[in-house]
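Hi,

Here is the structure I promised to pass on. Have a look at it first, and then read on for what I found in it.

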Amino acid sequence: MNIEIHSRDIKVSPEEKEYALDHIELLSHHYDKILHIHLEVQIPKHLPLEIQVPGPKSFSVLKNLTLLVHVNGKMLKSQTSAWDFRIGVDQLVEKMDGQLIKQKEKTKNHKFKEHPLRKLV
């Protein structure tokens, strides 16, 4: 499983990258056929770069986070916006976890159906 973290317009600290990697790796517990994971962090275009928000400096910029997970023949996508990077990562992993469980059930319950004309022969 290959994990990439890409950021635009904003610098992601090494601690935040490590946090994201640790939480994203947990997705493999529910679905073992993950090929590639891509996390993209960017600032929304419609908002100014700095907004005065009381609290720590890391909360002063709204971040759009997108998580793309490539599984066998499909690409699953989840998006969220958050003031804090860690909260955003937690939301993304929770959303993607649900999608992976649903994908696993689809592949698990897929049964071969015999063609109706084959019964006539």
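Before we get to single residues, one term: helices are DSSP runs of H or I with at least four residues, and they are numbered from the N terminus. Leu92, for instance, lies in helix H2. Please keep in mind that this is a predicted model.

Let's start with the overall layout. The protein has 2 helices and 4 strands, and from the N terminus on they come in the order β-α-β-β-β-α. Of its 121 residues, 34% count as buried. The accessible surface is about 8,300 Å², and 54% of that belongs to carbon and sulfur atoms. If you take the contacts with a separation of 6 or more, 58% of them are between residues 24 or more positions apart.

Now the strands. How do E1 and E2 pair, parallel or antiparallel? They pair in the parallel sense, over 6 bridges, and Asn2 stands opposite His36 in E2. E2 is also joined to E3, by 7 bridges, and those two run antiparallel. Have a look at Glu40 there: it stands opposite Thr66 in E3. E3 and strand E4 (residues 74-82) pair in the antiparallel sense too, over 9 bridges. In that pairing, Val69 has Leu76 of E4 as its bridge partner, and Val71 stands opposite Lys74.

E3 and E4 form a hairpin with 2 residues between them. Gly73 sits in the turn and has a positive phi of about 75 degrees. There is another positive phi to look up, at Asp9: about 65 degrees, although Asp9 is not a glycine. You'll find Asp9 in the loop between E1 and H1, and with 52% relative accessibility it counts as exposed.

How covered are the strands? In E2, 6 of the 7 residues are buried, so this strand is largely enclosed by the rest of the structure. E3 is mostly covered as well, with 7 of its 9 residues buried.

Next, helix H1, which spans residues 14-24. Which of its residues are buried? They are Glu16, Tyr19, Ala20 and Ile24. Looking down the axis of H1, you would see these buried residues fall within an arc of 120 degrees, so they line one face of the helix. Pro14 and Glu15, on the other side of H1, are exposed. And what do the buried residues of H1 pack against? Strand E1 (2-7), strand E2 (36-42), strand E3 (63-71) and helix H2 (85-108).

The charged end of Arg86 sits over the ring of Tyr19, 5.0 Å from its centre. As for pairs between aromatic rings, the count comes to 0.

- Leu92 in helix H2 counts as buried, with 2% relative accessibility. Leaving aside neighbours within four places in sequence, Leu92 is in contact with Leu39, Leu65, Thr66, Leu67, Ser78, Gln79 and Thr80. Of these, take Gln79: Leu92 and Gln79 are 13 residues apart in sequence, and 6.5 Å apart in space from C-alpha to C-alpha.

- Gln103 is found in helix H2, and with a relative accessible area of 8% it is buried. Again leaving aside neighbours within four places in sequence, Gln103 is in contact with Tyr31, Val71, Lys74 and Leu76.

- Ala82 lies in strand E4 and is buried, with a relative accessible area of 6%. Not counting residues up to four places away in sequence, Ala82 touches Val61, Leu62, Lys63, Gly88 and Gln91. Ala82 and Val61 are 21 residues apart along the chain, and their C-alpha atoms are separated by 8.7 Å.

After that, turn to H1 and look for the face lined by its buried residues.

How values were computed:
Residues numbered from 1 in each chain as written. Predicted model: local features only at pLDDT ≥ 70, side-chain atom pairs only at ≥ 80, totals over all residues. Heavy atoms only, no water. Buried < 20%, exposed > 50% of the residue type's maximum accessible area, 1.4 Å probe, protein only. Arc of directions from axis to C-beta. Contact = heavy atoms within 4.5 Å. Phe/Tyr/Trp six-rings, centres within 6.5 Å; stacked < 30°, edge-to-face > 60°. Lys NZ or Arg CZ within 6 Å of the ring centre and 35° of its normal. Areas by Shrake-Rupley, 256 points an atom, 1.4 Å probe, with all protein chains shown as cover. Pairing = 2+ DSSP bridges.
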